[in-house]
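Subject: Structure handover and notes

Hello,

Please find the structure below, followed by notes on what was found in it.

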Amino acid sequence: MTKRVAILISGGGSNMVALANSMVGDHPARPVLVMSNDPQAGGLLKAQDMGIATAAVDHREFGKDRSAFEAVLHQKLEEVKPDIVCLAGFMRILTGDFTRQYEGRMLNIHPSLLPKYKGLHTHARALEAGDAEHGCTVHEVIAELDDGPILGQARLDVRADDTADSLASRLLPLEHKLYPAVLRRYASDDRSMVTFGA
C-alpha cells in the first residue's frame, strides 16, 4: 500500500522538492501535503506548481502559545492522514507532546554529522572546531531536539578555504541525495543505515 507523506517546510523548500521528485514510479510513497509555518515560504509555490496540496499555519499568530500552534498544525496534518511526516527545513522546535503523536513515522534532516552540532549554525561550528569532515544526517524525530535513531549520513571533506556559506552550498546536493534515499527505505519499512562518503 502506498504511504502518504506530508512535508513541513519553512523556506524555499529545496529538500521538499528533492523528496517530492523522488516519489514517482515504483516508489512506495507519494506526497499528499506540503505545509509551512510561514505563508510566504517559497516552497509552497513550488509544491503547488508540482500539483501537491499546500497549507500554512503562521506561528506568529499564536505568539508564545506553542501548544495552540501545534494543535492547528496537527489538525491540518490529520486532514490528509499521513503515514510519514518529513521535516525539511522546518525551523520551529516541536514539543514532545506533538512529536509523540508521530513517533516512529517522522523524519528530519539536519546539517551536521549528529550527534555533533545539534541546533543552529552547524557549518560555522564545524569550522570553528577544525573538523576535517562535515555532513548531514537524517534521523527519526523524538522529543529531544535533533536526536533520535540515525537512518542516514552523508559526509564531505572540509576544505582549507571553506566558509560557513561554502560548506552549506556544497552540502546541499548531498542533502538532496540522502533524504530521498532514506525516505524510500523508510517507506518500505527498512530502517537500515544509508551512507554516502566524502
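With which side chain does the side chain of His59 make a polar contact? The partner is the side chain of Arg92, at 3.4 Å. A polar contact here is a pair of N or O atoms within 3.5 Å; within protein, one must be able to donate a hydrogen and the other to accept it, and residues adjacent in sequence count only if both atoms are side-chain atoms.

Two notes on the source. This is a predicted model, in which local features need pLDDT of at least 70 and side-chain atom pairs count only at pLDDT 80 or more, while totals for chains, interfaces and linings use all residues. Residues are numbered from 1 along each chain as its sequence is written, and side-chain values use heavy atoms, with hydrogens and water left out.

His59 is found in the loop between strand 3 and helix 3 (66–80). Helices (H or I, at least four residues) and strands (E, at least two) are DSSP runs, numbered from the N terminus. His59 counts as buried, at 17% relative accessibility; buried means under 20% relative accessible area, exposed over 50%, and partly exposed in between (1.4 Å probe, protein chains only). Not counting residues up to four places away in sequence, His59 touches Asn37, Phe69 and Arg92, where contact means heavy atoms within 4.5 Å.

The sheet is open and has eight strands in the order 3-2-1-4-5-6-7-8, with mixed pairing. Two strands pair if DSSP finds at least two bridges between them. Strand 3 (54–56) and strand 8 (194–196) are the edge strands, each pairing on one side only. Strand 1 and strand 2 are parallel, with seven bridges, and Leu8 stands opposite Met35 in strand 2. Six of the seven residues of strand 1 are buried. Strand 6 (residues 133–140) and strand 7 run antiparallel and are also joined by seven bridges; Gly135 has Arg155 in strand 7 as its bridge partner.

Helix 6 (residues 164–187) lies across strands including strand 1, strand 7 and strand 8, and runs at about 155 degrees to strand 7. Axes are lines fitted to C-alpha atoms, for helices over the stretch in contact, and angles run from 0 to 180 degrees between N-to-C directions.

Gln153 lies in strand 7 (residues 150–157) and is buried, with a relative accessible area of 7%. The side chain of Gln153 makes a polar contact with that of Arg155 (3.4 Å). A polar atom of the Gln153 side chain also lies 2.9 Å from the backbone oxygen of Leu114. Leu114 is joined to Pro115 by a cis peptide bond, with omega about 10 degrees, and Pro115 is found in the loop between strand 5 and helix 5.

Two backbone angles are worth a look. Most residues other than glycine have a negative phi, and most peptide bonds are trans. Phi of His121 is near 55 degrees; His121 is in the loop between strand 5 and helix 5 and is exposed, with a relative accessible area of 62%. Phi of Asp189 is near 60 degrees; Asp189 is in the loop between helix 6 and strand 8 and counts as exposed at 57% relative accessibility.

Regards
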